[in-house]
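Biologist: Let us go through the labels on this entry one by one. For each, I would like the value and the cut-off behind it.

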Amino acid sequence: MAEFNITDKVDITDVNCPITFVKTKVALEELDDGDILEVRLNDGEPVQNVPRSLKEEGHKVLELTQNDDGTYRLIVQKVGD
Amino acid sequence: MAFTNEQLERYSRHIILKEVGAKGQKKLSQAKVLIIGAGGLGAPAALYLAAAGVGTIGIVDADEVDLSNLQRQVIHSTADIGKPKVQSAKETMEAINPDVTVNTYHTFVTSGNVLDLIKDYDFILDGTDNFPAKFLINDACVMAKKPFSHAGIIRFKGQLMTYVPGQGPCYRCVFKNPPPKDAVPTCKQAGVIGAMGGVIGSLQAMEAVKYIVGAGDLLTGYLLTFDALKMEWHKVKLPSDTSKCAVCGDHPTITELVDYEQAECDMKK
Ligand SMILES: [Zn+2]
């Protein structure tokens, strides 16, 4: 697993679509251009949709890995302010 | 202020919009909007602003809910008849969105109280139904440098414009003076189609929300008119020279607020 300089973390395993994306978007809004956000998300719909929606908004998805507990870890870099 | 998961869900359709986002939604939650008149225009405006999560909403109206109001004033119910409109409106708004603080002012707007009423608010909605109040609100907002939305509805017609200090003409730039009393019918005498309040009052709420989040272009320098029978909209560009206006011009002759006389039937309240 690559080392990233994580600026902030957000856990979206406690919400459902489309709030998964909304919560991620809100966390990103607090960051500056180039900052890195770590997102903890569930398998299934969130893994399929959240990274895609983030890319559509112009952010850089750097890595998506599975955690030991079955959730996923998404590393996204904010593009723009 | 961080949003709870519940608030993220409530406002998700706003937050997803790039013109609003979490930043815009926060601005809404910190904003203070005053609605003058809880009638045909104020009712839908108040509903949408409460639903949108505008943090503080003031509402001014001296009347009680009357059976004849219910054809268009959708914030009030049959069970509210006899209740002060501001109280009825507050109950409905709080039921829609407990995040919102509603301040009620059970009074007519007058030259003596208008500056005090508007002073703590960021944006004013004129939802009144008579010319004296409209000129009073305009002059007070110009003097206090407050942005506001003017609107009027009668029969099948509606109009609105937005004033932002320094960004275009005020209501008096366009309409000069109230018409002589009894020269024009009020909506009480002339009638008004109920949905017109919904159309125009919702647009006033739209202007308030856009002003607060800073999205798009406001109706500053324009009068938007709607004719429902013809289903025609006109966006009329207003003269940009405000220098000769009696209240917002370079040498204002109106420097104090006045209460114009109202038509007889408007006074039987
Ligand atoms: Zn003017």
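This is a predicted model: local features need pLDDT of at least 70, side-chain atom pairs count only at pLDDT 80 or more; totals for chains, interfaces and linings use all residues.

Biologist: Why is Cys17(A) called partly exposed?

Modeller: Cys17(A) has 47% relative accessibility. Buried needs under 20% and exposed needs over 50%, so Cys17(A) counts as partly exposed.

Biologist: And what makes Cys245(B) buried?

Modeller: The relative accessibility of Cys245(B) is 8%. The cut-off for buried is under 20%, and therefore Cys245(B) is counted as buried.

Biologist: What share of the residues of chain A count as buried?

Modeller: In chain A, 47% of the 81 residues do.

Biologist: How do you know that the radius of gyration of chain A agrees with that of a compact globule?

Modeller: For 81 residues the globule rule gives a value near 12 Å, and chain A has 11 Å, so the two agree. The C-alpha trace of chain A spans about 30 × 30 × 20 Å along its principal axes.

Biologist: Which pattern does chain A follow along the sequence?

Modeller: The order is β-α-β-α-β-β, from 2 helices and 4 strands. Of the contacts in chain A between residues at least 6 apart in sequence, 64% join residues at least 24 apart.

Terms used: Residues are numbered from 1 along each chain as its sequence is written. Chains are lettered from A and ligands numbered from 1 in the order in which they are written. Side-chain values use heavy atoms; hydrogens and water are left out. Buried means under 20% relative accessible area, exposed over 50%, partly exposed in between (1.4 Å probe, protein chains only). The radius of gyration is taken over C-alpha atoms; the globule rule is 2.2 Å times the number of residues to the power 0.38. Contact means heavy atoms within 4.5 Å.
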